[in-house]
Amino acid sequence: MLDLVFPPSCVSCQRNGQAICDSCAQLVEPAELRQECLYCGREIPEVEVGLGSECPRCQAPLGLLRIASLHTGPMQSAIHALKYRGREELAPSLARYLRAVSAETPWPSLLKALDGIVPVPMHEEMLRERRYNQAGLLAACFAESAGRPFLEKAVLCLHATRSQVGLSRDERADNVRGKFRAVSELVEGKSLLLVDDVFTTGSTMRACAEAMRDAGADAIFGLALAGPSRGSNALLQ
Ligand SMILES: [Zn+2]
Ligand SMILES: [Zn+2]
């Protein structure tokens, strides 16, 4: 009904009609599939893929992490609109990209065994300002379509920290240290999927996963809507 009164405009080309129009959707670049630890580059053998255990080489707590698309073009515009321009109605369309990659091996079997889907949280102060957590909206849409429980409050953000934008890898890691706490009643002994909108150096996702591991999570997987390309030096550091 609202669409008839205010037809949505494309976040990328501003043409009326859809939130991401068909021609702009063609320009969304899929991210490469990596069967390797996104922190140290170690190849994850097939037998380990379903375990979700930490990387034996670098102890990264995410057993397997999938990035759906590159943070470029219309995807970058869409995420920006979702985060900074109050375009929360974009979440369901964007969550479809998460669904698309989760249809690829080994994700269907991982999803079946999953106890819950957990968003990277946002600090309350920021939440009041923005009204919603974009990672939470994506995770909720994804959880609904995947038919898995949405555990919105499994990880809490304890400190409001400065923005990560423009910080180096080490500064980012320092910035998020001790920032998150997982609720053991919700995560202990469970197999969980952590969802974020943008994966940059991975410091935020990794800090959340560490908090989940500390609180007794059994297996932790990660899914991000967008991230840098394989050649980018933002990865593997
Ligand atoms: Zn467009
Ligand atoms: Zn590793």
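This is a predicted model: local features need pLDDT of at least 70, side-chain atom pairs count only at pLDDT 80 or more; totals for chains, interfaces and linings use all residues.
Residues are numbered from 1 along each chain as its sequence is written, and chains are lettered from A, with ligands numbered from 1, in the order in which they are written.

Okay, the sheet. It's open, has four strands in the order β1-β6-β5-β2, and the pairing is parallel. β1 (64–70) and β2 are at the edges with a single partner strand each, so one side of each has no neighbour in the sheet. From one strand to the next, the twist averages 20 degrees. On terms: strands are DSSP runs of E with at least two residues, helices are runs of H or I with at least four, and both are numbered from the N terminus. Two strands pair if DSSP finds at least two bridges between them.

Now the pairs. β1 and β6 share six bridges, and Leu70 has Gly227 as its bridge partner in β6. Between β5 and β6 (residues 219–227) there are seven bridges, with Asp196 partnered by Ala224 in β6.

How many of the eight residues of β5 are buried? Seven of them, so to speak, are under cover in this strand, residues 191–198. Buried here means 20 or more other C-beta atoms within 10 Å of the residue's own; exposed means 12 or fewer, partly exposed is in between, and C-beta atoms are placed from the backbone.

What lies on the sheet? Helix α8 goes across β2, β5 and β6, at about 130 degrees to β5. Helix α11 packs on the sheet too, touching β5 and β6, and its direction makes about 160 degrees with that of β5. Those angles run from 0 to 180 degrees between N-to-C directions, using axes fitted to C-alpha atoms, for helices over the stretch in contact.

On to the core. The largest nonpolar core has 71 residues, and Leu138 and Val195 touch the most other members. Helix α8 (residues 134–146) gives the largest share, nine residues. A nonpolar core is a set of buried Ala, Val, Leu, Ile, Met, Phe, Trp, Tyr and Cys residues joined through C-beta atoms within 7 Å. Leaving aside neighbours within four places in sequence, the contacts of Leu138 include Leu94, Leu98, Val195 and Leu225. Contact means C-beta atoms, placed from the backbone, within 7 Å.

One helix pair next. The axes of α9 (residues 169–176) and α11 (residues 203–214) come within 9 Å and cross at roughly 35 degrees. Arg172, Ala173 and Val176 in α9 meet Ser203, Thr204 and Ala207 in α11.

The Thr105 to Pro106 peptide bond is cis, with omega near 0 degrees, and Pro106 is in the loop between α5 (91–101) and α6 (107–112). Which residues other than glycine have positive phi? Gln59 is one, near 65 degrees, in the loop between α3 (46–49) and β1. Arg131 is another, at about 75 degrees, in the loop between α7 (124–130) and α8. Gln59 is exposed, with 12 other C-beta atoms within 10 Å, and Arg131 is exposed with 8.

Key
Two residues are in contact if their C-beta atoms, placed from the backbone, lie within 7 Å.
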